[in-house]
Amino acid sequence: MDTPASQVYLSFVRYGRRVHLGKRLYSLLLFIAVSAIAGILVAGLIVPMITLMSGATQSMASFVTTLPADLDPTDQPERSRLLNADKSVLAYFYEQNRWYVTLDKISDNMKNAQLAIEDHRFYEHGAIDLQGTLRALLSTSQGVTQGGSSLTQQYVRLVLVQNAQENNDAVAEQLAKENTIARKIRELRYAIGIEEQFSKDEILERYLNISYYGDGAYGVEAAARHFFNVSAANLSIAQAAMLAGLVREPNATNPVKDAALAIERRNTVLDRMLEYEMITEAEYYAARAETFDPANVRVYPKGCVDTDYPFICDFAYQTLLQTPSLGDTMEERENKILRGGLTIQTQIDLKIQKKAQKTISKYISAKDPAISVIVFLEPGTGQILAMAQSRPTMGTNIKKGETFYNYATSRSMNGADGFQGGSTFKAYVAAAALDEGLGASWTTNVQGRMDFEGKIYESCDGSYPARGSNGHWWVVGSSGSHMNMYEGARRSVNGYFVQLEMAVGMCPVVKMAKKLGLEMANGEDIMQFQWMPSFTLGAAEITPLSAVEAYATFAARGIHCEPVLIKSITTRTGTSLEPPSANCKRVISKDVADGVNKLLVGSITGGTSSPTRIYGIDMAGKTGTVDSNKAIWQIAYNPSVVGAAVLSVDNNQRFKSFWKSHSRLLGGVTLPSSGTYISGGSGSVTGRMLLRPVFETAIKQVKPGHFSEPSASIMRGEQVSVPGCEGRSVSSCKAVLEDAGFSAYTAKKKVYSDTVEEGKVVSTDPSGRASKRSMVEMNVSKGPKPVEPDPNADPNADPNQQQQQPQPAQQSLPTQEAAVPVKP
């Protein structure tokens, strides 16, 4: 049987017969020969020859071929990719821009070129090219640096340097690079171990992937794509020769910086390829004639700063740092992100994202003294579909509108201070009211200007009086008598919801907001607002993302999901890692969610949110205007998608003078950079101008759903009897009503009564039965109605005689339907 050509070096002639040595024994003898020639008889490197003679050959061979722990050739660092929903790349995360490919995906041109310039006898010798190694050792002993290491020995050095850099071990890195005989011998020994464990093809594959080709490109695939915009599998002879020539001095021969020097080095490689008959003369001259085209150079940005959507990228990165499946510690997770070759899939829908960014940028400039954010979320999954802001460029140039803040998120995720939510908080009060059994029929009287100073509110720890400034807490807005929750939500009536909040209690209201997902931007517990009745008017500074999260819970019929950007994480080997969980769970009943949806549909179909309406689509929503027009909101949703748009004054000191001269703030101002006029009124600005165009795109990307009708019982609420008060004094009636759980107030106008004396209660509204904790109006008597004089009577007649005149008999007409002639 013939001996394979690649194994010839494992045999020799003895007594006229060819004897085949074991691979380990051959490596051992070669190691001893080279060490002896080098004069290295150091303990730990070579065992006295007597050891061989005494039968310890096997243990010595094991010593030579055993690799130390720091040379364990584990997976090479590889870049990770962050993908959009359509699989396009959003960003790359890496320490070394490497894309590992197997040998069958590397062109033969590249393999030949690298072997020609570095080790053309690679497949003919073992771990050591004896001729080259002896020449290099002798030169090194004389202080002259010369090549000669086999490709395997070079691979050893690259691994040692890389491991030292990863461990931040400067001493180890210096030892791996030093030009000494000791280093050569160490590499020689480790090379023997490498060749014991891996085939020649496996070693060449690892070498081509670990090598640095300059200009930030690690490995042949990254280099091919960077310098020539082709894959390693499609490298031409000239391209392969140029890359092969870069390995020895990648910085000096970088074609981007010095094309002439790179071409000169390339031609040296081509000379070798021709010499070793790897290419023909025709191929040689054709390759030499090629030039380097810098237009083909492709840059793969590292991290988030230079990506199309840097703040989505950064949100993903911050999320990955908190993902347990990537490691137990922050350091381990970051190492996995930067070195693990992960494929990280998001659900960012580029059609929605591009529309959101385009819409904001159309109306709000990055340099304007205002900030705008648009966020879209998928109910039931928590997947973030889009996240755009008026300052889309990440950077430090404030004058150009650059920033490092993601205005949609909290400070813990590199966000800013958040925005007050305005009347968007009224939905949480409505939800708490329905959950407490008050029902949508809960009614109250609302005046255009009401003072709630001293009114009693219930926190989780007890009652307390409302306090405003200067002894008053004025609440202004629309007015109306006997207003119910439908009307209060449709018209976003402040006075109604302040009273509803008082009836429900602050504890259930704020707890409702919290379990729906509302979060303060500064990370503090939102439960602190149980002591602030202004909560229903949106006093807390929250994140737009958490506002969408909360409304998505209504859209998903009570299922709350935490916002998640990452859908899946896959390793380079195809193994799936657990992505961040949305922790979806039910937090409110279907009935309560359906009830809130029905209330907020009214805001879209005929209320403050109507500018956002898209006909033919089930939509609900809520506007929000912060005190003095500091911020304006619009949230809108369908069972399949939720979106929010907010526009806020930027409180940064550099804009102080601008806003000082515009006292109405966003209630009527032309923004200086964009030239956009903001008329005020959240529905017309954030609804019609910002949110609706994006919602139209978003609803096309999902399958629109339909809202479910809430049960009659949830909308009716828990009905209780209203105590009768006829004939009671106002104070007595009020006490009776309050004992029954109602609140009471006196009607503005008194009524006539023939049966109840003046100053006493005639009736209540509602009466009979009503939703618990309702506001009950007390109608107070002003006595009998005066008898109006008969205009036809004789003014000189005796009034007493007129009263005694007999009157014709009349038929009682109790109803309109009974008012017909009666037959005699």
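**Notebook: strands, helices and cores**

I took strands as DSSP runs of E with at least two residues and helices as runs of H or I with at least four, numbered from the N terminus. The model is predicted, so I noted that local features need pLDDT of at least 70, that side-chain atom pairs count only at pLDDT 80 or more, and that totals for chains, interfaces and linings use all residues. Residues are numbered from 1 along each chain as its sequence is written, and side-chain values use heavy atoms, with hydrogens and water left out.

**Entry: the sheet around S31**

I looked up the pairing of S29 with strand S31 (residues 775-780): four bridges, antiparallel. Two strands pair if DSSP finds at least two bridges between them. The open sheet here has three strands in the order S28-S31-S29, with mixed pairing. Strand S28 (743-746) and strand S29 (761-765) are the edges; each has a single partner strand, so one side of each is left without a neighbour in the sheet. The twist averages 30° from one strand to the next. Helix H26 (residues 730-739) packs on this sheet and touches S28, S29 and S31. The direction of H26 makes about 160° with that of S31. For contact I used heavy atoms within 4.5 Å. Axes are lines fitted to C-alpha atoms, for helices over the stretch in contact, and angles run from 0 to 180 degrees between N-to-C directions.

**Entry: the five-strand sheet**

I then traced an open sheet of five strands, S9-S8-S24-S23-S22, with antiparallel pairing. Strand S9 (384-389) and strand S22 (620-625) stand at its edges. Strand S8 (residues 370-377) pairs with S9 over five bridges. Val 375 has Met 387 in S9 as its bridge partner. Helix H24 (residues 682-701) lies across S8, S22, strand S23 (631-638) and strand S24 (641-649), at about 30° to S23.

**Entry: a hairpin**

I found S13 and S14 in a hairpin with two residues between them. Four bridges join strand S13 (residues 456-459) to strand S14 (residues 462-465). Ser 459 stands opposite Gly 462 in S14.

**Entry: two crossing helices**

Helix H11 (residues 237-246) and helix H12 (residues 259-275) have axes that come within 8 Å and cross at roughly 110°. That makes H11 roughly perpendicular to H12, a label for angles of 65 to 115 degrees. The contact includes Ala 241 and Met 242 of H11 and Val 269 and Leu 270 of H12.

**Entry: the inside**

How much of the chain is buried? Of its 824 residues, 51% count as buried, meaning under 20% relative accessible area with a 1.4 Å probe, protein chains only. I checked the largest nonpolar core, which has 109 residues. Such a core is a set of buried Ala, Val, Leu, Ile, Met, Phe, Trp, Tyr and Cys residues joined through side-chain atoms within 4.5 Å. Among the members that touch the most others are Phe 93, Leu 500 and Phe 554. Apart from it lies another core, of 58 residues, among them Leu 103 and Tyr 190.

Is Asn 597 buried or exposed? At 2% relative accessibility, Asn 597 counts as buried. Asn 597 is found in helix H22 (residues 590-606) and touches residues including Phe 554, Tyr 637 and Phe 707. Asn 597 and Phe 707 are 110 residues apart in sequence and 7.3 Å apart in space, C-alpha to C-alpha.

Note on methods
Buried < 20%, exposed > 50% of the residue type's maximum accessible area, 1.4 Å probe, protein only. Parallel < 35°, antiparallel > 145°, perpendicular 65-115°, else oblique. Lists of a residue's contacts leave out its neighbours within four places in sequence.
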